[in-house]
Amino acid sequence: MKIFDEYKEKLPLKIVEEVREHTKGLTSDKIKKIFEKVYDEYVSSLVDAGESVGLIAAESLGERSTQMTLNTFHFAGVSEMSVTLGLPRIIEVLDGRKTLSTPTMEIYLKSPYNKGKDIQKIAAAIKETVLDDIVDEYSINIVDLTIEIKLNKEKMKELSLIPSVVSKAVSKKSKKYSVKLDGDVLVLKLKNKEENLNEVYKIKGAIKKIHISGIKGINQILPVRRKDEFIIITAGSNLKEVLKMDEVDATRTVTNDIYEIHALLGIEAARQAIIDEVNKVLESQGLDVDLRHVLLIADTMCTIGDIKGITRYGVVSEKASVLARASFETPLRHIINAALIGEKDELNSVIENVMLNQSIPVGTGLPGLITKFK
Amino acid sequence: MKFKVSQHILVPKHSKVSEKEKKKLLERYNITLKELPKIHKNDPAISELGIKKGDVIKITRKSRSAGEAIFYRVVI
């Protein structure tokens, strides 16, 4: 109907749909009257101009976060995995930390893999395997200056690896030694005859970390059942490589590393990820914070196209006013830097006006009066 | 298999705004282009739109409170 399209411009989609649902069978005159009422109600419940929404958001979130536990949460199951939750996680997200204390991913799988088919195999293919994981023992021959590495057959079978693949990966790493394969024993021999024993030990230390298979950065895997499908939860995160896998459902797989999402999916996805991560913590703690407060914070963090944490290096450094920046942290540095380049302060915001004992531009302080001289 | 950024659940719909609409938008909110939120030119979500600096991107977000929310960003 025409009237619905007309109000789609003025009202949020959800409200229009709700009105449509409840007005089935009514005449268009009545619907129009209903819409007029709904519109009045909508306008009167919008945030007033000059309302200090940021302060309210900060209070709403800050007050609740005092009630959060500082505990980390443990998954039930054999291989235990801990994930930072509660206040530390919220701080981590809102500060825009680049290195997380516990990066994790939730990997969704395509059908039929999400019903449990080959799930162990897929999980094993995702988990990063280094040489040390599949080695039984290292022995050093002091006379010949060689290292003998005995591979564990069972573990290799689990990961469907064969010795020749391993030997290739090892020989690719460095040109200092040659690799010979003898059954399931790798023999490393130094090429340079003048090397001493110290060098051999150094190499022994270095080869332990050689990447053999799987995806770099994924340290632990845990297939779990969620609702009616199987997903894989990981410790460690590498979204870019995981999304390349054929078995993975690339449309739903997510990580908790906001910066990784920003680099791969863009700023809007990062904003959504911030909201999801904060909400996840709030929900798990049973706290009820209105979504709009979180939206406002996420929007603030993402307005300039990059993620900026709520810290002195992040959103605060983006403020236009020198005095506002100086009032947050490290005041002298800001004032000196501003003085050096001759910065101007327009006194347009709250803090600088509080400092100067002027009325702040919030609420009734916002509009200025213009007098017409006669 | 090539993975498409726009198909991911976290990515809302991005579309380019025409010059005429752009002017209307700035007039409606009484702002200059500089005051709009920003998006980088090499943002993965807009790589296929063929945009240049100064273009405005319309983002149609799915919102839990409003059903659908429209947001604008200027390309920098």
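In the predicted model, Gly305(A) is in contact (heavy atoms within 4.5 Å) with His262(A) and Ile267(A) of its own chain and with Lys38(B), Ile39(B), His40(B) and Arg73(B), residues up to four places away in sequence not being counted. Gly305(A) is placed in the loop between helix H13 (291-302) and helix H14 (322-328) of chain A, where helices (H or I, at least four residues) and strands (E, at least two) are DSSP runs numbered from the N terminus. Because its relative accessibility is 0%, Gly305(A) counts as buried, a class that requires under 20% relative accessible area, with exposed set at over 50% and partly exposed in between (1.4 Å probe, protein chains only). Between Gly305(A) and Gly266(A) the C-alpha to C-alpha distance is 8.8 Å, although 39 residues separate them in sequence.

Residues are numbered from 1 along each chain as its sequence is written, and chains are lettered from A and ligands numbered from 1 in the order in which they are written. As the model is predicted, local features need pLDDT of at least 70 and side-chain atom pairs count only at pLDDT 80 or more, whereas totals for chains, interfaces and linings use all residues; side-chain values use heavy atoms, with hydrogens and water left out.

At the interface, 33 residues of chain A are in contact with 27 residues of chain B. The area buried between chain A and chain B, that is, the accessible area (1.4 Å probe) that two parts lose on being put together, summed over both, is about 2,500 Å², and carbon and sulfur atoms give 58% of this area. On the side of chain A, the residues that lose the most area to chain B are Thr251(A), Leu265(A) and Glu268(A), which together account for 25% of what that side buries.

Chain B contains an open sheet of four strands in the order S1-S3-S4-S2, with mixed pairing, two strands being taken as paired if DSSP finds at least two bridges between them. Strand S1 (13-16) and strand S2 (38-39) of chain B each have a single partner strand and stand at the edges, so one side of each is left without a neighbour in the sheet. Strand S3 (residues 56-63) and strand S4 (residues 67-75) of chain B pair in the antiparallel sense over eight bridges, and in this pairing Ile57(B) stands opposite Arg73(B) of S4(B).

In chain A, strand S5 (residues 135-141) and strand S6 (residues 146-151) are likewise paired in the antiparallel sense, over six bridges, with Lys150(A) in S6(A) as the bridge partner of Glu137(A). S5(A) and S6(A) form a hairpin with four residues between them, and in the turn Leu145(A) has a positive phi of about 55°. In helix H6 (residues 119-126) of chain A, the buried residues are Ile119(A), Ile122(A), Ala123(A), Ala124(A) and Ile126(A). These buried residues of H6(A) pack against strand S3 (104-108), helix H7 (153-158), strand S10 (220-226) and strand S11 (229-235) of chain A.

Grid points are joined across faces, edges and corners, and a volume is the space filled by probe spheres set on the points. By this rule there are two cavities of 30 Å³ or more. The largest cavity has a volume of about 40 Å³, and its lining includes Arg89(A), Glu92(A), Tyr259(A) and Met301(A). The largest share of this lining, three residues, comes from H5(A). The second largest cavity holds about 40 Å³ of space and is lined by residues including Leu145(A), Tyr177(A), Lys189(A) and Ile203(A); S8(A) gives the most to its lining, with three residues.

The second largest pocket has a volume of about 1,800 Å³ and is lined by 45 residues, of which Gly54(A), Thr300(A), Val315(A), Lys319(A) and Ser349(A) lie nearest its centre. H4(A) gives the most to the lining of this pocket, with eight residues.

Note on methods: 1 Å grid on protein atoms, 1.4 Å probe; cavity = no way out; pocket = protein on both sides within 12 Å on 5 of 7 lines; lining within 4 Å.
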